[in-house]
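I opened the model to look through its confidence, its sheet and its helix packing. My notes follow.

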Amino acid sequence: MSAAQSAPESGSDEVDQAFVADVFARDCASRDILQNVTSRWGLLALVALGESDMRFNALRRRVDGVSERMLSVTLQALERDGFVNRSVLQAIPPRVEYSLTDLGAEVAARLTGLIEFVEGHVADVAESRAAHDVPVPADAARGRRSQKS
C-alpha cells in the first residue's frame, strides 16, 4: 500500500475513493496540490518561509524576481491548501506576516533537500547541457540522413 493510501477504517470493507490519492490519475486532487507546492514561486516561498516568518515585502525581496501579483496568488493558494498562515498584525498601518503551518514546515524541509541536491549538481547539469547542445556539423548531419534512407 502506498503512503498516499490509507487502510480502511474499522468496520469498513472499502476505502473511500475520494480520499485515495493517485497523482498519476487525471482527476486526482493531489495534482493540484502538487502544482501549488512545486511551482517555481510556491517552492521558493515555502523554503523562504522555512527560514523564518516574513512580512510580504521581505518575502518578495527574498524570492528575487517574483512579481507582487504572483507572490500574492501563490501565497493565497498555499494558505488555502494549509501550508501557510497569514496573520494580520495590529499596527498602524496594519501589517501582514506569513509563516508555515506544521504541514508547510514538513513540505518545506523536503523541498530544501531537493534544492540542496539541485544546487550541488549545477556543474553536472551545465556539463550535460553543453554536451547536448554541441552543434552537429552540416556534413555529419547529411551523412546521418543518408544512412537512415
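**Confidence.** Where pLDDT is low, the predicted coordinates should not be read in detail. Over the protein, I noted a mean pLDDT of 86, with 80% of residues at 70 or more.

**Ground rules.** This is a predicted model, so I kept in mind that local features need pLDDT of at least 70 and side-chain atom pairs count only at pLDDT 80 or more, while totals for chains, interfaces and linings use all residues. Residues are numbered from 1 along each chain as its sequence is written, and side-chain values use heavy atoms, with hydrogens and water left out.

Strands (E, at least two residues) and helices (H or I, at least four) are DSSP runs, numbered from the N terminus. Two strands pair if DSSP finds at least two bridges between them.

I then went through the pairings. Strand 2 (residues 84-89) pairs with strand 3 (residues 95-100) over six bridges, antiparallel. A hairpin of five residues joins strand 2 to strand 3. Arg86 has Tyr98 in strand 3 as its bridge partner. Strand 1 and strand 3 also run antiparallel, joined by two bridges. There, Arg55 is partnered with Glu97 of strand 3.

**Helix packing.** (Axes are lines fitted to C-alpha atoms, for helices over the stretch in contact; angles run from 0 to 180 degrees between N-to-C directions.)

How do helix 1 and helix 2 pack, and at what angle? I found about 65° between helix 1 (residues 29-38) and helix 2 (residues 40-51), with axes 4 Å apart. That makes helix 1 roughly perpendicular to helix 2 (65 to 115 degrees; under 35 is roughly parallel, over 145 roughly antiparallel, the rest oblique). Asn36, Val37 and Thr38 of helix 1 meet Arg40, Gly42, Leu43 and Leu46 of helix 2.

Note on methods. Contact means heavy atoms within 4.5 Å. pLDDT is the predictor's confidence in each residue, from 0 to 100.
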